[in-house]
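Student: I have a structure to study. Can we go through it by question and answer?

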2 protein chains.
Amino acid sequence: MSRSYNFAAGPATLPTGVLETVQKELLDYQGTGTSLMEMSHRGKIFDAVYQKAVSDLRRIAGIPERFDILFMTGGASTQFALIPLNLSGSNRKAGYINTGAWSKKAIEQAKIQKVNVHEVASSADSNFNYIPDSFDIVDGLDYIHMTSNNTIFGTQFQKLPDPGGTKLVIDMSSDFLSKPIDWTHIGMAYAGTQKNAGPSGLTVVVIDKDYYDREREDTPTIFRYSTFAKNDSMYNTPPTFQIYVFGLVLEWLDSMGGLKGIQQHNESKAALIYDVIDSMPEFFLGHARKDSRSLMNITWNFPDKELDPVFLKGADEKRMPGLKGHRSVGGLRASVYNAMPKEGCQALADYMQAFAGEHKK
Amino acid sequence: MSRSYNFAAGPATLPTGVLETVQKELLDYQGTGTSLMEMSHRGKIFDAVYQKAVSDLRRIAGIPERFDILFMTGGASTQFALIPLNLSGSNRKAGYINTGAWSKKAIEQAKIQKVNVHEVASSADSNFNYIPDSFDIVDGLDYIHMTSNNTIFGTQFQKLPDPGGTKLVIDMSSDFLSKPIDWTHIGMAYAGTQKNAGPSGLTVVVIDKDYYDREREDTPTIFRYSTFAKNDSMYNTPPTFQIYVFGLVLEWLDSMGGLKGIQQHNESKAALIYDVIDSMPEFFLGHARKDSRSLMNITWNFPDKELDPVFLKGADEKRMPGLKGHRSVGGLRASVYNAMPKEGCQALADYMQAFAGEHKK
């Protein structure tokens, strides 16, 4: 069977081996005569799947014991609402680093909940094509929120900033588990799994155990992080199938050499495409500043917008879907998350070269 | 391959044909070279899956045009929190029918949000073994909430009550799409899909379009029903795989003769087990009153609790897992949702007969 190279921004490519395991076990999970997705979340079999996913994640991502690992639903957009509700209960003062669309949505949701938002850094002055390298120091913040990778603009923090006296709350949705994580300054990190770690429908939250006493009294039970922590993420029925697939992705990550291995893999993949861009900077107009480039989402425009549909049509014919850029930047975007094979990036780089040969003036 | 007969209360059995289709298409959805779960939710292929699921549901369940159909996540527990937030914004006065555990949780969440809760009917006086047949009339309620089927106690509304001047908001999680629905008095109905309609991780909400103007101003965007309505449930990434499987379950429902067909199927299935209970009422102590019996969850105790593990062990050996009763009732519970085949109910009925022959004094 011939698999496409799918460059969509998410949901995105999964490791072929993971999909093969899911397929094999679909009607009969390990000889039980039942699909994993038909099983009670309170039963021993699913519990083993859950426990292994949690402990594998802790080991692979090097998550210190001061953090709980929660499995939730609703994506980053739900976290944008839950973070002010849970972490800014009484003080109501928080910092936000604005690196574009997703950061802005997070800021809006904090403001709706009457949090006093300090935009401590922003790259709005240049259509978010870079990551700010410093930020305002403000006293008494509950947290500083940031987006580690911006899918739309193709920018990524190369290293985490030092937030001074407070802690970082990080939306890692689009570069979760793509490289080692330094937990020193992190208070909470979260990610929808649908880009680097599984299908859509699961949100992984890594949260400092000290954060639960900030919850507001009138917060509904299901909106409290402590509810998930106290109940092993099973206060109600979790998305069992997603947790299962996430667990398989973690096993695949082990086979790739963990986060250090996958980082090397991702660097070498992205280099194939950035090298083409850099070899013809007047034809491939990279959006992100070089020092802020994402290893996950590579964005560029052609000098002539009319080339966009021509490029996309050719890509579709070569079974490389998903390359259309977001409307905020236009042009093209190649999303090359963990599970995109190097062959896929090579195929795209080759196509870009050939396309330039044909259309460059 | 030998499939188990899985009597778990949810997540629960799915139609074998649905699982076979998922398995077949897992790595290559309809010749695209991509798994459905790897595809962008903004693309044409997933959009067709989404549109068909919505229109099939509307047709099969006879949902009038005054309702929107929303795909959400977070299960009934999230709805318990969202309903007061969205439907009781200013008036803050609502009725709740209390038929046990799930109703009680819904009531608690309304109270946390300072809604003036009127418990208009309750069967708490008799460990929730019946469905109340009338309720207090209270003026000025925003809605009356009820649970159409109680998984724990094995009770089910045989027909929907007439709520007088207000409308019903119904948690249908455990009998959704198991029989025709009379929408006359319904303002909103919702269900997690993991019992009758798919894997866990998707919540279907059917809501009257007139309800959106009750939302409170400080409600985060992702917690508003109107956000899902305005964005075809794609304000953010939906659980695409679950929507796909839900769509396949709807096609299977068509093949079963729609909701009338499945109702007959469910009645004949449940009768096999209730007939055994009624033939030996001193050995199989049915929990639910006969006029309130659920077609979905059949609950009973043995005269001697020590028989419970003996029965369960024998059932496991016959590959009939999931029969342990909930701790609130004890004893046994057979969950026989839509996708449980008649052969499964027959196998259980046969086993109950044989077990009685061996253990009845």
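Student: How many salt bridges are there between chain B and chain A?
Tutor: Some ground rules come before the count. This is a predicted model, where local features need pLDDT of at least 70 and side-chain atom pairs pLDDT 80 or more, while totals for chains, interfaces and linings use all residues. Residues are numbered from 1 along each chain as written, chains are lettered from A in the order written, and side-chain values use heavy atoms, without hydrogens and water. A salt bridge is a side-chain nitrogen of Lys or Arg within 4 Å of a carboxyl oxygen of Asp or Glu, and between chain B and chain A the count is 2.

Student: Which residue forms a salt bridge with A:Arg3?
Tutor: Look across to chain B. The closest N and O atoms of the pair are 2.8 Å apart. The partner of A:Arg3 is B:Glu38.

Student: What is the area buried between chain B and chain A?
Tutor: Buried area is the accessible area (1.4 Å probe) that two parts lose on being put together, summed over both. Carbon and sulfur atoms give 57% of it here. The total is about 4700 Å².

Student: Is A:Arg92 buried or exposed?
Tutor: Buried means under 20% relative accessible area, exposed over 50%, partly exposed in between (1.4 Å probe, protein chains only). A:Arg92 has no salt bridge, and the nearest side chain of opposite charge, A:Asp142, is 6.4 Å away. By that cut-off, A:Arg92 is buried.

Student: What is the relative accessible area of B:Lys114?
Tutor: B:Lys114 has a positive phi of about 65° although it is not a glycine. B:Lys114 counts as exposed because its relative accessible area is 62%.

Student: What is omega for the peptide bond from A:Gly10 to A:Pro11?
Tutor: That peptide bond is cis. In chain B, the bond from B:Gly10 to B:Pro11 is also cis. For A:Gly10 to A:Pro11, omega is near -5°.

Technical notes. Lys and Arg count as positive and Asp and Glu as negative; His and the chain ends are not counted.
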